[in-house]
Amino acid sequence: MSRPKVLVTRPSVPIEGIKLLEEKCDVEIYPEEKPIEREALLKSIQGKDALLCLLTDPIDKEVIEAAGPQLKAIATMSVGYDHIDTKVCKEKGIPVSNTPDVSTDSVAELTVTLLLAAGRRLIDAAAAIKKGDWVYSWSPVWLCGQGLTNSTVGIVGMGRIGQGVMKRILPFGVAKVLYYDVFHPIKPAEEMGAEFVPFEELVKRSDFIVAMCNLSEETKDLFDKKAFELMKPTAVFVNTSRGGVVHQEDLYDALKNRRIRAAGLDVMLPEPLPKDHPLTTLDNIILTPHVGSAEMSVRVGMAELAAQNILAVLEGQPMISPVPLE
């Protein structure tokens, strides 16, 4: 009896996940350390029973149909799955999985890091010595920023990671945590003291605003000119969710014109962001290259979960972490 065939779209997928697949499947790995090229994907997917992909791989109707009718499972090694045409997958009865939970703590930690670093102007302070800007031993208001203590923090999207961020900021002595989510009330957050408010009220009242929402038609460009104009001039905005929830031109204007104090982004459009992008010219923004889950233990866990989801389907079992199909 022939073994199932699986395509893995990147050679750097941690070996722990690959070994799980190789125990029971014939695994083909795209050999180049870059997003798989379109033509290579369309060719390599042919005849495969399952696909392990990354968020850099657009898995649309053409790719799914190129695989053939034997394609039984698609597992993405990511939390986000908007790069996969879930509508077509539903039509064809192909289950899709992502890797939630594994990266929750890691992304929550980075989010709090960005809140503190942007609020306290950490990057400016670290660069001051190298640039020779540290002229006096101490100055009353030089490089003064804003910390979390006694602040109001607004979290837009109070899912697993949003709750993880809340757990981590409470010990800093924040005065209030507000949240907005299309699904509410969210009992675990409210048990920790979070207050649900409408989106506009959240951006008006918060000293720190955290974007933690999924990308959808409702959230696309949610943080636009209107939202930034409603924020306090001292507000710090952080996005570690999806780049598409922010209208970047409006964010640039808000930062350049000092309508808000600072921002920190780990996700943006496009990715990778060109080094000469207008956002890179600002001194009141921290940009990190989508490294929210960049811990080896986390990436190994993501690879293993993706592999386990594929194996479950090939063995006639439900996926461990399926995504809802449209």
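Analyst: Happy to! Let's begin with D101, which lies in the loop between β5 (96-97) and α5. Helices (H or I, at least four residues) and strands (E, at least two) are DSSP runs, numbered from the N terminus. Please keep in mind that this is a predicted model, where local features need pLDDT of at least 70, side-chain atom pairs count only at pLDDT 80 or more, and totals for chains, interfaces and linings use all residues. Residues are numbered from 1 along each chain as its sequence is written, and side-chain values use heavy atoms, with hydrogens and water left out.

User: Why is D101 called partly exposed?

Analyst: Its relative accessible area is 49%. Buried means under 20%, exposed over 50%, and partly exposed in between (1.4 Å probe, protein chains only), so D101 with its 49% is partly exposed. D101 also has a positive phi of about 70°, although it is not a glycine.

User: What do we know about phi at R258?

Analyst: R258 has a phi near 60°, a positive value in a residue other than glycine. It comes just after α11, in the loop between α11 and β11. Its relative accessible area is 48%, so R258 is partly exposed too.

User: Which residues of helix α11 are buried, and what covers them?

Analyst: In α11 (residues 248-256), the buried ones are Q248, D250, L251, Y252, A254 and L255. Their cover includes α10 (225-230), β10 (236-239), β11 (262-265) and β12 (285-287).

User: How do you know whether T240 is buried or exposed?

Analyst: T240 has 8% relative accessibility, so it counts as buried. Its place is in the loop between β10 and α11. Contact means heavy atoms within 4.5 Å; leaving aside neighbours within four places in sequence, T240 is in contact with V107, T111, L114, A211, M212, D266 and V267.

User: And what makes D49 buried?

Analyst: With 12% relative accessibility, D49 counts as buried, although its place is in a loop, between α2 (38-44) and β3 (50-53). Not counting residues up to four places away in sequence, D49 touches P4, K5, Q70, L71, K72, A73 and L314.

User: Why are α5 and α7 called oblique to each other?

Analyst: Helix α5 (residues 104-119) and helix α7 (residues 160-169) pack at an angle of about 55°, with their axes 8 Å apart. Axes are lines fitted to C-alpha atoms, for helices over the stretch in contact, and angles run from 0 to 180 degrees between N-to-C directions. Under 35 degrees counts as roughly parallel, over 145 as roughly antiparallel, 65 to 115 as roughly perpendicular and the rest as oblique; α5 and α7 are therefore oblique. Their contact is made by T104, D105, V107, A108, E109, T111, V112 and L115 of α5 and R160, I161, G164, V165, R168 and I169 of α7.

User: What angle do α1 and α12 make, and what is that called?

Analyst: Helix α1 (residues 15-22) and helix α12 (residues 296-314) pack at about 20°, with their axes 7 Å apart. That makes α1 roughly parallel to α12. Residues making this contact include E16, G17, L20 and L21 of α1, with V300, A303 and E304 among those of α12.

User: How many aromatic pairs are there, and why is the pair of Y180 and F199 called edge-to-face?

Analyst: Rings of Phe, Tyr and Trp (its six-membered ring) pair if their centres lie within 6.5 Å, and planes under 30 degrees apart count as stacked, over 60 as edge-to-face and the rest as tilted. By this rule the count comes to six aromatic pairs. The rings of Y180 and F199 have centres 6.0 Å apart and planes at 65°, so this pair is edge-to-face. Y180 is in strand β7 (residues 176-180) and F199 in helix α9 (residues 199-205), so the pair ties together parts that are 19 residues apart in sequence. Y180 is partly exposed at 24% relative accessible area, whereas F199, at 13%, counts as buried.
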